[in-house]
Amino acid sequence: MIFVTRQAHFNAAHRLHNPDKSDEWNRQTFGKCNYPNWHGHNYIIEVTVAGEPDPETGFVIDLGKLKSIINEKILDPCDHRNLNLDVPFLQGMIPTTENLVRAFFEQLRPEVEAACNQRREIIYGEVIRDGTKYRRVLSLSGNLTDYSLSN
């Protein structure tokens, strides 16, 4: 099995806030990430596709196509944006890194699968922030698994 990874980065603002809880609860739970006037992070996203290369092209996935998918589905809507207010597919979600990796994975999944022509065995997405990786994995059987991996 061959693993092919594409990495990209973006910058975005957000606020961690649960509207169902009190302001005090939110301050204690989320600390600086609950500032009412937002704050920003530098994010790294890695998307990996694993499988056997296509006998006609030698690709598991065309890296140029993977780059285009990541740009269209993640970077264009998220880079230099407010994740709480400006990104439709994140509306109503507390934009923790754990929730972001799930949402990004679901945004990428249909086009990545189509670009692989079903040759892939595993696809996973990671969002890296503050030295911690959050990974969502899809196996060929369709099972989803989430991992938090500290560096």
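## Helix α3

In α3, the buried residues are T97, L100, V101, A103, F104, F105, L108, V112 and E113. The model is predicted. Helix α3 covers residues 97–115. With 19 residues at 1.5 Å a residue, α3 should span 27 Å. The C-alpha atoms at its ends are 26 Å apart, which agrees.

The helix also has a kink. A bend of about 40° lies at R109.

## The chain as a whole

The protein chain has 3 helices and 6 strands. From the N terminus, their order is β-α-β-α-β-α-β-β-β. Of its 151 residues, 42% count as buried. The chain exposes about 8,200 Å². Carbon and sulfur atoms supply 48% of that area.

## The nonpolar core

In soluble globular proteins, nonpolar side chains tend to be buried together. Here, the largest nonpolar core has 25 residues. F10, I45, I70, L83, L108 and V112 have the most contacts inside it. Four elements, β1 (2–14), β2, α2 (63–78) and α3, each supply at least two residues of this core. The largest share, 6 residues, comes from α2.

Leaving out residues up to four places away, F10 touches H41, N42, Y43, I74, L75, C78, D79 and F104.

## N42 on strand β2

N42, one of the residues touched by F10, lies in strand β2 (residues 39–51). N42 counts as exposed, because its relative accessibility is 61% and the cut-off for exposed is over 50%. N42 and N11 are 31 residues apart along the chain, yet their C-alpha atoms are separated by 4.6 Å.

## Aromatic pairs

The whole structure holds 4 aromatic pairs. One of them joins W25 and F30. Their centres are 5.8 Å apart, with 85° between the planes, and the pair is edge-to-face. W25 is partly exposed, at 33% relative accessible area. F30 is buried, at 17%.

F89 and F104 also make an edge-to-face pair, because their planes stand at 70°, with ring centres 6.1 Å apart. F89 sits in the loop between β3 (81–82) and α3, and F104 sits in helix α3, so the pair ties together parts 15 residues apart in sequence. F89 is partly exposed, with a relative accessible area of 22%. F104 is buried, at 1% relative accessibility. Together, F10, Y43, F89 and F104 form one aromatic cluster.

Conventions
Residues are numbered from 1 along each chain as its sequence is written. This is a predicted model: local features need pLDDT of at least 70, side-chain atom pairs count only at pLDDT 80 or more; totals for chains, interfaces and linings use all residues. Side-chain values use heavy atoms; hydrogens and water are left out. Buried means under 20% relative accessible area, exposed over 50%, partly exposed in between (1.4 Å probe, protein chains only). Accessible areas come from the Shrake-Rupley method with a 1.4 Å probe; for residues, only the protein chains shown count as cover. The expected span of a helix is 1.5 Å times one less than its number of residues. The bend at a residue is the angle between axes fitted to the seven residues ending there and the seven starting there. A nonpolar core is a set of buried Ala, Val, Leu, Ile, Met, Phe, Trp, Tyr and Cys residues joined through side-chain atoms within 4.5 Å. Contact means heavy atoms within 4.5 Å. Rings of Phe, Tyr and Trp (its six-membered ring) pair if their centres lie within 6.5 Å; planes under 30 degrees apart count as stacked, over 60 as edge-to-face and the rest as tilted.
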